[in-house]
Amino acid sequence: MSENISRRDFLKLATVGAATTAVLTGCGPASRYIKREPYMQMPEYTYNGLSTYYATTCRECAAGCGLIVRTMQGRAIKVEGNPNNPVNLGKTCARGQATLHGLYNPDRITGPLQRTTRGEAATEGLEWDAALQVVGDALNNNNPDEVAFLMGMAPDHLFDLVSDLAASIGAPAPLRYGVLSMFEARATLVKAAEDLFGQATLPFFDIGNADLVLSFSANFLETWLSPIAYTRGFSKMRRGNPKRRGHFIQFESRMSQTAAKSDEWIPIKPGTEGLVALAIGRLVAEAKGGTVPSSFENVNLEDIASLADVSMETLEHIAQLVAEAESPIMIPGGSALGLNNGLQTAETILTLNAIVDNFGKAGGVFFSPLSPNEDEIHRPASSQEMIELIEKMKGGGVKVLFVHGLNPLFELPKALGFEDALASVPQVISFATFPDETALQADYVFPDHHPLESWGYQRVATGAEQSVLSGAQPVVSPNYDTRATADVLLAAGQLAGGAVAQALPFQDEIEFMQSKFASLVSQVDGSFSAPEINTFSAYFQQHGGWWKKSAELAAPSASDALGKSIVVEQAQFAGEGEFFFHPFMSPTLGEAGANKPWLQELPDPTTTVMWNTWVEMNPETAHELHIENDDVIKIISEAGEVEAPVYLYPAIRPDTIAMPFGQGHTAYGRYAAGRGVNPINLLGSHFNEAGDLAFAGMKVRIEKIEGKKQLLSRLESRIGVYNEGLEEH
Amino acid sequence: MSIDLNLVGAKGAIAQEAEGKWGMVIDQDVCTGCQACVAACAMENNLSFVGEEDAGYGRTQHWIRIERFWEGAYPEVKSTPFQPMLCQQCGSAPCEPVCPVFASVHSQSQDINLQVYNRCVGTRYCANNCPYQVRQFNYRDYHLDPIHANEVDGQLVYPFHNQFNPDVTVRRRGVMEKCTFCIQRIHKAEDTAKSQGREVVDGEMVPACAQACPSNAITFGRLDDPESLVSQMAHDERGFKHLEELNTMPRITYLKEG
C-alpha cells in the first residue's frame with residue numbers, strides 16, 4: 001500500500017477500478033485528512049472553481065441519512081443528500097442542511113481543556129499528550145466497575161469501540177441515551193414488539209403502500225424514528241398511486257405539524273389512545289365479520305367514547321374506513337406511549353394491525369432489518385435505565401464518568417437528579433464539541449471533531465427496507481486542535497496497557513473500523529464487494545456506506561399478537577392542575593439544534609415562531625383566563641415551574657397546553673444560551689412499564705404574571721389575528 | 001423566444017409566451033411544511049440570519065417561506081395546506097417597471113426576473129409592488145456583525161464565512177434580494193451541457209429547495225419543453241397559480257390538496 005498517493009488520485013482510481021480488482025487506497029495516516037490551505041496556496045487536489053464531493057453520514061439525529069458534502073478548496077460549502085443511501089435517497093431535512101452551522105460555529109471548543117472549578121467558564125488548556133495520560137490513568141487507576149460511559153443515541157463505531165473497551169477491562173457496558181428516544185418512547189415500542197412477537201425489534205411501518213394511516217400521535221413527519229424515510233412514505237401514500245389517494249387520520253391532543261397534514265385530526269383526551277384503539281379494534285373486527293379477539297370483545301364503546309371525548313359517530317366512521325380499506329396501518333407514537341399505560345397502548349395499537357391482518361403485506365407492519373454487522377438490536381437506554389446509573393453515581397459507585405454525544409444536564413428532567421449525581425462523581429471527562437451544560441460541569445473536556453471532520457460508521461436502526469451500514473468520512477480537515485474520541489481512547493488504552501491494550505491493538509480508529517466490517521468484504525449480496533479490506537474501505541468511503549441490494553423485511557406473526565391478552569387502563573396523571581401538559585420535540589431545532597442560528601431562524605411549522613419558547617393555549621381558554629398573545633405565564637408542575645409567553649393556538653384541546661423542547665440552554669454557545677426555557681424541568685420522575693419516562697403524563701396549573709409580556713418573533717402577521725392591531729381602526 | 005420584456009408593449013407578446021422557460025410545480029398535497037427547502041436555500045445562496053429582534057420586524061432573509069393559515073375554530077379547525085411561497089418569476093413582473101435603476105430586470109436568455117445587486121440603490125419600490133411579498137431587503141450587514149466573530153490575535157475572525165458559496169454574491173446592506181431559481185446552478189448545467197455539445201437534460205439541474213425536499217413536493221424544469229415533467233405536471237387538473245388575476249403570469253404552478 002502506497003502512502004504517497006494523493007487523495008485525488010485515490011478517488012480517481014477508486015472510481016475507475018472495477019469492483020473485483022484491488023485499488024490503491026492511500027489510507028496511510030498521512031493521507032487520511034484533507035488539508036485546509038489558504039486560497040493563495042492551493043492543495044494539489046483542487047482545481048480552481050471545481051468542487052470536490054464527499055459522501056458521509058448525517059449526525060444531527062440518529063436516523064443515519066447519507067450525505068454528499070460539496071467542498072471547495074478544503075471548505076465545506078453545501079450539504080446534499082446521498083441519492084444512493086437507502087434511508088434518505090438523496091433528501092435531507094432542515095437540520096441536516098444546517099450541519100454546516102455546527103462545523104463553522106464560532107463557539108466550538110478549540111482544544112483540550114482542564115477546569116479547576118466545575119461550572120466556571122474559566123479553563124486552562126493542556127496538551128493532547130497530557131490529555132491522553134489523563135484518560136489512560138482514569139482507565140487504569142479506577143476499579144473497572146467504577147468507570148461509566150455515557151453516549152449519544154447513534155449506534156456508531158465509537159459505541160462499538162467503547163463497548164469493546166468496557167468489556168476488556170470489565171467495566172459496565174456503555175449507556176446510550178437521547179431525549180429524542182424519550183420523546184419517541186423507543187424502549188416502549190421495542191418492548192411491545194418483544195411482548196407480542198417474542199422479538200425485541202423496532203417495527204417498520206410501510207405507510208408508503210398503505211391507503212389508510214391511523215396515527216396515534218406519531219410525529220413521523222417531524223422527528224420520529226427516521227423522519228426523511230417516513231416523509232417519503234407519506235408522499236408515496238398520498239401521490240404514489242395515481243388510482244387512489246391515501247387517507248390519513250391523526251389522534252392527538254394538539255395539532256402537530258404531522259397532524260396538520262392529516263385529513264382528519266381527532267383531538268382525543270390525552271391518555272385515552274389505547275382505549276380508542278380498543279374500541280376501533282372491536283368495531284373493525286365486528287364489521288369484518290370474523291371473530292372478535294378476546295381482549296377486544298368486552299370493550300364498552302360508550303364508556304370509551306365519553307372518556308376520550310370523542311363521539312360514537314366518529315369512532316364508527318373511522319372503524320368503517322378501516323374495515324373497508326385495502327391496506328390500513330396503525331402507528332403508535334411517542335406521546336401516546338409516554339404515559340404510565342404506554343406499554344399497553346403500544347401493544348393494543350400493534351394488535352390492531354393484526355386484526356386488519358397487514359403483517360408482512362405491502363402497506364403493513366414489518367420488522368426493521370438489523371444492520372449488517374449486528375446480531376441483535378441495541379436500542380438507546382430508557383429513562384429507567386438512566387435512573388440506575390444516576391443512583392449508582394449518587395451512591396459514589398462511579399469514580400470517573402466519560403460523556404460523549406449527549407448533554408444529560410439539558411436532556412434529562414431535573415427531577416431525575418442527574419445534577420446532584422454528577423456532583424458525586426470525582427472525575428468527569430467530556431468529549432463535547434460544543435461548550436454545553438454538561439461540558440461546563442466536566443473536569444476535563446477533550447473535544448471530538450465535528451462529525452463532518454470525522455471517520456466512522458453508523459448502523460441504521462430503521463427507515464430503510466434493507467440492512468444498512470452508513471459510512472462517515474471527514475469532508476474537511478479539522479478546523480481546530482480537536483481529536484477523534486475513538487483515537488483518544490485507543491491511544492489512552494495503549495498507555496494504560498494490560499487488558500485494554502491487548503483487546504484494542506489498533507493504530508487508529510480506521511483500523512478499528514476495518515476490523516468491524518471485515519466480515520462484509522466479500523459478501524456478494526451487498527452494494528459492492530472487494531477482494532481485500534483496504535479496497536473495501538475505499539469503496540465504503542466512496543459510496544457512503546454498505547447496504548444489502550434487496551429488501552429484507554421480516555414479518556411479525558399475527559396469531560402471536562392476537563393470542564395475547566391485553567388490558568388497557570386509563571392513564572394516570574401526576575400532579576394537581578387543570579391542564580394536561582404536552583411537551584413535544586421542536587420539529588426544526590431537535591434536541592441539539594439551538595446553537596445553529598439558521599435553525600433558530602426557521603419558523604416553527606405550525607406557529608411560525610422563531611428564536612424562542614412559547615406555550616400553546618386554546619384561544620377560548622385564554623379568553624376566559626384573560627390571557628392574550630405574548631402574555632407571560634408561569635407553568636407549575638409537581639416537579640418545577642417555568643415562565644414563557646403564550647401563543648394562542650387554535651388547534652389544541654382547551655384542557656391542554658403544549659410547549660416545544662429545544663430551547664432553554666444556560667450554556668451551549670452564544671446562539672443558544674439564555675434563550676427560551678426548557679420544559680423538561682416540569683416533568684416528574686414517573687415511568688411506564690417499559691421504563692420510558694411518562695413525559696406526557698403530567699398535569700400542570702398556570703398563573704398569569706400581571707403586566708409581563710414578551711413579544712415572540714413570528715413569521716406570520718399579527719395584524720387582524722384575534723383582533724390584534726385593529727383597535728384603532 | 002426573444003422578446004425584450006423591458007420594452008413598452010412587450011406584455012402582449014409575453015401573453016403568447018406565457019409558459020416561460022424555467023418553471024416550477026409545487027404539490028401542496030405532499031408538502032409537509034418541514035422547512036428543509038428554507039434551510040437548503042439559505043445554505044446554497046449565502047442568506048444571512050438576522051437574529052430574534054429583526055426577525056420580529058419581518059426582516060428575515062427567507063427567499064422561500066412556508067405559509068399556513070387557519071380555517072374554522074376548535075374542534076373543527078383546520079390548517080390550510082402548507083404553502084411554500086417564493087419569487088414566482090412572473091412573466092409580467094410588477095417589481096420590474098418600478099425600479100428606477102433597472103436593478104430588477106427581466107433576463108432575456110433565461111426568462112426569469114433578475115436582481116442586479118450592484119445596480120440596486122435600495123429604494124425598495126420593487127418589494128412594495130410585489131404582490132407575493134417575496135423580496136427581502138438587507139437592513140444591515142448581517143454577516144459582518146461582530147457578534148458572530150471571535151477575536152483571534154486582535155483580529156475579528158468569522159468562522160461562518162468559510163461556508164460561503166463562491167458561486168453566489170454576498171450581499172451588503174441596502175440591497176434588495178430574492179429567489180433566483182438558483183441561477184448559478186442553471187448556468188453551471190448549461191455550461192456543462194454546452195461543453196459536451198448537447199442540451200440540458202430534464203432533471204439535470206434542480207434548485208436547492210427541490211433537491212432537499214424530502215416529500216418531493218417541488219418539481220423544477222423547462223416549461224417550454226412539453227415532454228418535461230414540470231410541463232406535464234403544470235397541466236394537472238389540481239393546478240392553479242397565485243394571484244393569477246393580476247396577470248403577473250407566474251412561472252410557478254401550485255397543485256391543491258385532495
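Reader: In what order do the seven strands of the open sheet in chain A stand, and what is the pairing called?

Author: The model is a predicted one. In chain A the order is β5-β4-β16-β15-β14-β6-β7, and the pairing is mixed. One parallel pair in the sheet is β6 (residues 147-151) with β14 (residues 400-404), joined over five bridges. Within that pair, L150(A) stands opposite V403(A) of β14(A).

Reader: How do you know that β6(A) and β14(A) pair?

Author: Pairing requires at least two bridges between two strands. Strands β6(A) and β14(A) have five bridges, so they are counted as a pair.

Reader: What makes β5 and β7 of chain A stand at the edges?

Author: Strands β5 (124-125) and β7 (175-176) of chain A each have a single partner strand, so one side of each has no neighbour in the sheet. Helix α4 (residues 128-140) of chain A lies across β6, β14, β15 and β16 of chain A, and runs at about 130° to β15(A).

Reader: Why is α5(A) called roughly perpendicular to α22(A)?

Author: The axes of α5 (residues 157-169) and α22 (residues 509-517) of chain A cross at roughly 90° and come within 11 Å. Angles of 65 to 115 degrees count as roughly perpendicular, so α5(A) is described as roughly perpendicular to α22(A). In this contact, α5(A) contributes H157(A), D160(A) and L161(A), while α22(A) contributes E509(A), F512(A), M513(A) and K516(A). Sorted by class, these are three nonpolar, one polar and three charged residues.

Reader: Why is strand β3 of chain A described as largely enclosed by the rest of the structure?

Author: Seven of the seven residues of β3 (residues 75-81) of chain A are buried, so the strand is largely enclosed. Its partner β2 (residues 66-72) of chain A pairs with β3(A) in the antiparallel sense over six bridges, and L67(A) stands opposite G81(A). In the hairpin of these strands, with two residues between them, Q73(A) takes a positive phi near 50°.

Reader: How do you know whether I680(A) is buried or exposed?

Author: A residue is buried if 20 or more other C-beta atoms lie within 10 Å of its own. I680(A) has 25 such atoms within 10 Å, so I680(A) is buried. The residue lies in the loop between β25 (656-661) and β26 (698-709) of chain A. Leaving aside neighbours within four places in sequence, I680(A) is in contact with P413(A), P583(A) and F661(A). F661(A) is 19 residues from I680(A) in sequence and 7.2 Å away in space, C-alpha to C-alpha.

Reader: Which residues of helix α23 in chain A are buried?

Author: In α23 (residues 533-543) of chain A, the buried residues are T535(A), F536(A), S537(A), A538(A), Y539(A), F540(A) and Q541(A). Just after α23(A), G544(A) takes a positive phi of about 80°.

Reader: How many residues of chain B are in contact with chain A, and which element of chain B gives the most?

Author: In this predicted model, 45 residues of chain B are in contact with 49 residues of chain A. On the side of chain B that touches chain A, α2(B) gives the most, with seven residues. That side divides into 25 nonpolar, 14 polar and six charged residues.

Methods: Residues are numbered from 1 along each chain as its sequence is written. Chains are lettered from A and ligands numbered from 1 in the order in which they are written. This is a predicted model: local features need pLDDT of at least 70, side-chain atom pairs count only at pLDDT 80 or more; totals for chains, interfaces and linings use all residues. A residue is buried if 20 or more other C-beta atoms lie within 10 Å of its own, exposed if 12 or fewer, and partly exposed in between; C-beta atoms are placed from the backbone. Helices (H or I, at least four residues) and strands (E, at least two) are DSSP runs, numbered from the N terminus. Axes are lines fitted to C-alpha atoms, for helices over the stretch in contact, and angles run from 0 to 180 degrees between N-to-C directions. Angles under 35 degrees count as roughly parallel, over 145 as roughly antiparallel, 65 to 115 as roughly perpendicular and the rest as oblique. Two residues are in contact if their C-beta atoms, placed from the backbone, lie within 7 Å. Ala, Val, Leu, Ile, Met, Phe, Trp, Tyr, Cys and Pro count as nonpolar, Asp, Glu, Lys and Arg as charged, and the others, Gly among them, as polar.
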